[in-house]
Amino acid sequence: MAESVSEATSEEFLGKESVEAPAPENPKQKQPRRRRRRRRCADSFATYFPRVLKCVHQGLSLSQETVKVMDSFVKDTFERIADEASRLVRNTRRTTLTSDEIQTAVRLLLPGELGKHAVFEATKAMILNISRK
């Protein structure tokens, strides 16, 4: 019995398990599952708010409640624009949604100067995007 005590490692005395995992007896036996990262909600605009805020005001941040409200507002506006644009496509009996329908939907939904400004900024962004390529 004294020989078995001398063969024991210091890890066993400290209560630690051996580093090596036992080999599965069956090749079909399941391997331990790996932890997977949780994906964020794919339809959230929350990642873009700090980037835009950083361009406008350095050093400011948004609370989580503010981000939720902003995300809800952007989703609602996006859905309204998409609905109006699809209605315009159906009324003209076309099958393709183009930028013209999107621009018209934005002008119809956003009041006055806000609609004109939104269309101007979107056009400017498209031109910059095309010129970079």
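How much space lies in the largest pocket? In this predicted model, the largest pocket holds about 780 Å³ of space, where a pocket is an open set of points on a 1 Å grid over the protein atoms alone, with protein on both sides within 12 Å along at least five of seven lines. The volume is the space filled by probe spheres set on the points, which are joined across faces, edges and corners, and the probe is one of 1.4 Å. Because the model is predicted, local features need pLDDT of at least 70 and side-chain atom pairs count only at pLDDT 80 or more, whereas totals for chains, interfaces and linings use all residues. Residues are numbered from 1 along each chain as its sequence is written, and side-chain values use heavy atoms, with hydrogens and water left out.

The lining of the largest pocket comprises 18 residues, of which Ile81, Val106, Leu110, Ala118 and Ala122 lie nearest its centre; lining residues have an atom within 4 Å of a point. At least two residues of this lining come from each of helix 4 (64-91), helix 5 (99-109) and helix 6 (112-132), helices being DSSP runs (H or I, at least four residues) numbered from the N terminus. Helix 6 gives the most, with seven residues. By class, the lining has 13 nonpolar, four polar and one charged residues, with Asp, Glu, Lys and Arg counted as charged, Ala, Val, Leu, Ile, Met, Phe, Trp, Tyr, Cys and Pro as nonpolar, and the others, Gly among them, as polar.

Helix 4 and helix 5 pack with their axes 8 Å apart and at an angle of about 120°, the axes being lines fitted to C-alpha atoms over the stretch in contact and the angles running from 0 to 180 degrees between N-to-C directions. The two helices are therefore oblique to each other, a term for angles that are not under 35 degrees (roughly parallel), over 145 (roughly antiparallel) or 65 to 115 (roughly perpendicular). Their contact (heavy atoms within 4.5 Å) involves Arg80, Ile81, Glu84, Ala85, Leu88 and Val89 of helix 4, together with Glu101, Ile102, Thr104, Ala105, Val106, Leu108 and Leu109 of helix 5. Nine nonpolar, one polar and three charged residues make up this contact.

Between helix 5 and helix 6 the angle is about 150°, with the axes 8 Å apart, which makes helix 5 roughly antiparallel to helix 6. Gln103, Val106 and Arg107 of helix 5 meet Gly115, Ala118, Val119 and Thr123 of helix 6.
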